[in-house]
Amino acid sequence: MKLIEKMITCNINGLKVDVEKGTTILQAAEKVGIHIPTLCHLDLHDIGIANQSANCRVCMVEDEARGALVPSCAELVSEGMKIQTDSMKAVMGRRTSLELLLSNHPQDCLTCVKNLDCELQSLAHEMNIKEIRYHGEKMSHPKDLTSKGIMKDSNKCIMCRRCVTMCDEVQTVGILSPLKRGFDVVVATAFHLDLGETSCTYCGQCVSVCPTAALAEMNDTPKIWRALNNKEKHVIVQVAPAVRVAIGEEFGYKAGEIKTGQVVSALKRLGFDSVFDTNFGADLTIIEEATELVHRIEQGGTLPMLTSCCPAWVQFIEHQFPELLDIPSSCKSPQQMVGALSKSYYAEKHGIDPKDIVMVSVMPCVAKKAEAAREELNKDGLADVDYVMTTREFSRMIKEAAIDFKKLPESPFDILLGEATGAAAIFGTTGGVIEAATRTAYEMITGKELKEVDFKQMRGFEGVREATVKIGDMSLKIGIAHELGNARKLLEAIRDGRNHFDVIEIMACPGGCIGGGGQPYHHGDINVLKKRQKALYDLDKSLPKRKSHENEMVLKLYDDFLTKPGSSKAHELLHTTYSAKQRI
Amino acid sequence: MKTNSLDSLKTWAKSVRSDSEFRITILACAGTSCLSSESDLIIEMLQAKIDEHNLNGEVNLKKVGCLRFCGEGPIMFIEPDNITYVRVAIKDVDDIFTKHILEGTTITRLLYTSKKNELIESYENMNFFKKQFRIALRNVGDIDPRNIDEYVAQDGYKALGMSLLEKTPDEVIKIVKESGLRGRGGGGFPTGLKWAYTAAVKSDEKYVICNADEGDPGAFMDRSIIEGDPHSLIEAMTIAGYAIGANQGYIYIRAEYAISLEPLNIALNQAKEHGLLGENIFGTDFSFDIGIKLGAGAFVCGEETALIRSMEGHRGEPDKKPPYPSESGFRGKPTSVNNVETFVNVPAIILNGAEWFASFGTERSKGTKVFALAGNVKNIGLVEVPMGTTLREIIFDIGGGHPENKTIKAVQIGGPSGGVITEEYFDTPIDYDSLTAIGAMMGSGGLIVMDEDSDMVEIAKFYLDFTQDESCGKCTPCRIGTKRMFEILERLTNMEGEPADLERLETLGYNIKNTSLCGLGQTAPNPVLSTMKFFKEEYEAYAYRTKRTSYAIEGKKCIGCTKCARVCPVNCITGKVREIHTIDESACIACGACYDACPTQAILKP
């Protein structure tokens, strides 16, 4: 009986549709296979992200009873509602909205970074717009190229406000908001400051959801091409865990296909001298971090200890919670560790002057670009990492070099910094770092073998998760958060003494690095993220070694070079510091 | 100090010294328009003279709210002499004091001159006032807005007492519903229904919001009420709070109305001192307070969802509806948003009954409506008339028609959201539905009369310039569409348009109306669409570039008198005596001096 009460019957284009109360017209139409174009709409339902501001007016449909057009993305169906999605009025309304947007758009599709990956472009094609009847003034703002991570070209902005939703509501960083009024409206920083002057974390979630090229990563590929063509330079590249499960999408593979071997081959063909695995750095991070955690627990140091792999997260805590800077782990991120070791350990072994090494990384992340540029990680003019490219930039380089990705053979990573365990693979998903750390901490503390390595309670897409793990006679209380808004909740609870944890993992992006700001566009499809996540867990399972401290190359590194975890040399190369920053 | 019963209110009312107990009472207008003509200085100087002569016991000079006849301000009503002085200036103060107050003689030069050149002594005999009937403005101009005693003497706060002490909230809502009162801010939504919806939602907190963000160019009825009769607004909001179950109200007033804040704040404090606002009103369990929120001058904040967002500290831009504010409004709580003029009808309805109110107006539009009458009309000012009064009555009877008897071409009603009404529809009774039926709308009450010289394309462009500038920019059609419409109009009036522009304007206007997010966008094309409907030929003259931009001389009528050439300020008219003259159209600045000078009507207008 209750179930029936919750159901509503409506009629769309003459088709009867039964839906649950609270369903939008758009969802109801989808149910009977009626497609309604949308633009500003974004609904990543499972992780609570929705841009439902109904402002583009591209999804208008006619409500027969009122004879009025309503936005199908936001309007809920009601009992007996009759909707016409293809009436003249509706079609004309939708076309006009789109034509108006196009009349205020540069229309430089051929040379646009989003060419063939642009939602505005696809929509114009889908709606068969062949002529724009309205012309007039267009927006004219200078491009903002002031930050290390994100390029902002307001002239391509269609005011969908997805970026505002991500920045203000999901990440609670609050950098972007609409300024001015009427035609002069521009989504910008407070007082129209340069992005580089703000507290932007460069998480890149604004880029991830931007339907056009109004927001994109800063393009570092020209510098990388230059380095590759410089015969005097030894160019090394490393690849992050989340890249291998997403890059396939750029070449027509389904989300979640693992393409590690092809990635290595592609990088070799591009001309990199050595191809290393950031996962090696991940295993190393686990050992250093677990050592630090054990030390903090045994010596009564500050708890909780927070993971520090995510650069957007580090940027966030420095700007938003400067009073809590004693809690993040002092470990550098895996990217920086691989970079530092390439220019020391590897250089020494191969007799190369570190100054002649160019370290490049392929990351699912925009913030890694800003991380590589951090002062703390550029000691004596020698950067751990010189250039960072996103997964998307990497795919563009492959295409530019005319490499047929689909025909590439699989190749292994180069030795020295190339081996990795399953524990490192899951660094790319929310919950993965802490699961990997637990596997190692357990054996480190108890001295016993951990039989069941899958910690299911740490997995999933829930924004904030808690888990308690029994290690010997102690209970380790673990907190996990992804998305900075959730991180904020967790941090506030700690700061105000409302909750206690021993160790916390935070990743800035939805789902962790698999949903990073540099990944192939998910176009609002949450399943893309889920499939990438599953691929990482599959990868973990498929590997013979699943605990970081079993990584032979890592152990050799300690024997040959660092002496032992937490040693002074390890500290010099693998640890860093944080400083309070002004919140703007 | 605290008023606890209707009896104590009655005693208080009786104790107030009435105007008739003075030898002479002067109601001096301190409304916006008169203030801009230094009426505050005039009043100050006159008061100084009264003080100087120790006449305060017998001469009662009251600084009152708007006396409505703004075009003739500064204005004064003098009782019991029944004399009305208009266009009073600082230099007249001595005469008013010496001749009128001391000697009792009427100063004829300050009397109103009618169109027929008659001197009229009393406002009662002026056509401007004759057909007016006041409910909303019932106290405006009569009482000193800074003195609660005067309001109480006019049965002020009695309706509140009756509501709290004798009626249940449902009964109050029932009365308002039965009165047929509809929202005066433009939409015309039934007020009782809005209250009932808000009352029906269960919530720990509810809010009453008064929309005083009066933004239509030329509309100033709400401001006149707040400045002239603030207590009736306070009383009405408190009644609304009781009816819907709210304990907090806010007046959202635009920051430009800085002058209105002073009497309003005084009134709020007085009401609190007397237990008519705040804790335990009339000694009952019911408590209600009113706060003031200043808007930052965005027109769109008159739209209720934008207003609420602005109040919450967000950027003032509208939200999608549903949910309506009655369900989820200010801070997500049930909220009733009503306009100033709507509110102040409520105490009168409670006092006199729903039937009394419903006896004024038409079938579906009850009571009165206040209009701000302006433009090419003799009598300019605030006009309150029963619904159903025709436009012709307002323009010609009350407004006195064109000051120079030129042909009146149309009236623009409803401000930037409204449209034009042409002469053939002047007999339409003014009510919500009749106006909608002819493609116009009531709007907030702007009424601008336009004569034969008015260029309708320019007028439409003026309004569109306003709306495209005031658009919040949230939705595409309003942000870009109104801009494109404005650009087309600019091209047309710059003689750079083309015939296809007319179709563009029409389709664009139609689609902007259909697709915009809020009322601002949905009505923004109205001034263009309605002028296109009635004055298509004016648009065509621009689109086909047949419109002359200068004056010209019709040869067969020209007698060669040279008068035009002599008055032309740019000397662009040439011709010998008794020969046909010609105008150099490229040099003509279209000032019209030649047109006025020509004795034979040989000059053609642009």
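For the helix packing described here, an axis is a line fitted to C-alpha atoms over the stretch in contact, and angles run from 0 to 180 degrees between N-to-C directions. The model is a predicted one.

**Helix packing in chain A**

- Helix α9 (residues 278-299) of chain A packs against helix α15 (residues 432-446) of chain A, with axes 9 Å apart and an angle of about 55 degrees between them.
- Because of this angle, α9(A) is oblique to α15(A).
- The crossing of α9(A) past α15(A) is right-handed.
- On the α9(A) side, the contact involves A:Ile286, A:Ile287, A:Glu289, A:Ala290, A:Leu293 and A:Val294. These residues meet A:Ala436, A:Ala437, A:Thr440, A:Ala441, A:Met444 and A:Ile445 in α15(A).
- By residue class, this contact of α9(A) with α15(A) comprises 10 nonpolar residues, one polar and one charged.

**Contact between chains A and B**

- In chain A, 27 residues are in contact with 24 residues of chain B.
- Two elements of chain A, β6 (68-71) and α3 (88-103), each give two or more residues to the side that touches chain B.
- Of these, α3(A) provides the largest share, eight residues.
- The chain A side of this contact consists of 14 nonpolar, eight polar and five charged residues.

**Domains of chain B**

- Chain B is assigned domain 1 (6-126), domain 2 (148-358), domain 3 (368-451), domain 4 (456-543) and domain 5 (552-604).
- Taken over C-alpha atoms, the centres of domain 4 of chain B and domain 5 of chain B are separated by 35 Å.

Technical notes: Residues numbered from 1 in each chain as written. Chains lettered and ligands numbered in written order. Predicted model: local features only at pLDDT ≥ 70, side-chain atom pairs only at ≥ 80, totals over all residues. Domains from an automatic or database assignment. Contact = placed C-beta atoms within 7 Å. Helix = DSSP H or I, 4+ residues; strand = E, 2+ residues; numbered from the N terminus. Nonpolar A, V, L, I, M, F, W, Y, C, P; charged D, E, K, R; others polar. Parallel < 35°, antiparallel > 145°, perpendicular 65-115°, else oblique. Left-handed = near helix turned anticlockwise from the far one by under 90°.
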